[in-house]
Amino acid sequence: MKESLYNIRLLRIFLTVADNQGFSAAQQDLNMSTSAISTYMNQLESQLGMQLCNRGRAGFSLTSKGQLVYEEAKKLIGQIDSFENYVAEIKGELRGTVTIGILDSMLTDSRFDIPELLGNFSQKSDKIHVNLKILSPFELQKEVLEGKIDLAIGSLPTKMSGLKYVPLYIEQHWLYCSNRHPLYALKSTSIEKVTEHALIKRGYWSNSEGMRHGFTQYSATIDTMEAELILILSGNYIGYLPDHLAKNWEDEGRLLRIMPDNFGYTAEFSLIIKNGRSRESLIQAFKEEIYHAFGLTEKLIKSRNSVDH
């Protein structure tokens, strides 16, 4: 039994299998064949003297004892990882996993070069593992608050307590239709005529948010900007898009801005960090990379916050 407690690798394999709900699903994360995973799992079960999971035609599931071992193993591995990161921090090394969250469609925004930022950050140390998530505004904040994401960048109309928001830049949104939509061919129109058409609603918008943008009727609901772009290009819908996402289609004549003097809004993008986590080494390093990209300093941010309040 003593030997099994020190075999951390077997516990890590077990956690990965459990998180992926099966041997086959865990292959990619572990870079192992199912037969190798099965051998290691049998070895762990033999050392512990109990069956940890059910596998076979009925599918994968943890046994009741396996669930208890899973929960304790997760705590143990978390403590080991924290200890290793702490020792590395003392030595001045950057190592460990940092989970970063962003919104979809940010790739085309020239104001924030996310590939360059991530490239520069990963070059700081070959021991950094980046986990990148693309989520909705609500999910970004929720997962940062729960500690599932270390930091996030996004436009967040409704803010949550317990989080720190650092403003970065402003994104412009316009109302668009495609060259297949009836509004495209009109030489002139009116606000009333435009609002007769139902709008694409974003899944994370409240009803009041839609009304704030001038509409009370909705023709479709989406959760990503790419999905909204596809629906607009189909010709049956109108919707708001970031100008950078629409640009290529607009230049080709496939999209048209509808009455930009009347229909448009701006979205402020911010860096989000959970209160109390700013000084963690990986978070601090990534934050510094963002500050450098936007020419920000702690002093400037504090002065902005004092003006806002």
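**Figure 1. Helices and strands of the predicted protein chain.** The protein chain holds 13 helices and 11 strands, where helices (H or I, at least four residues) and strands (E, at least two) are DSSP runs numbered from the N terminus. This is a predicted model, in which local features need pLDDT of at least 70, side-chain atom pairs count only at pLDDT 80 or more, and totals for chains, interfaces and linings use all residues. Residues are numbered from 1 along each chain as its sequence is written, and side-chain values use heavy atoms, with hydrogens and water left out.

**Figure 2. Dimensions of the protein chain.** Along the principal axes, the C-alpha atoms fill a box of roughly 80 × 55 × 35 Å. The radius of gyration is 25 Å, whereas a compact globule of 309 residues would have one near 19 Å; the radius is taken over C-alpha atoms, and the globule rule is 2.2 Å times the number of residues to the power 0.38.

Figure 3. Of the 309 residues, 42% count as buried (under 20% relative accessible area; exposed is over 50%, partly exposed in between; 1.4 Å probe, protein chains only). Among contacts (heavy atoms within 4.5 Å) with a separation of 6 or more, 65% join residues 24 or more positions apart.

**Figure 4. Surroundings of leucine 256.** Leucine 256 belongs to strand β10, residues 255-257. Because its relative accessibility is 31%, leucine 256 counts as partly exposed. Leaving aside residues up to four places away in sequence, leucine 256 touches Leu175, Tyr176, Cys177, Leu183 and Tyr184. The C-alpha atoms of leucine 256 and asparagine 179 are separated by 7.2 Å, although these residues are 77 residues apart along the chain.
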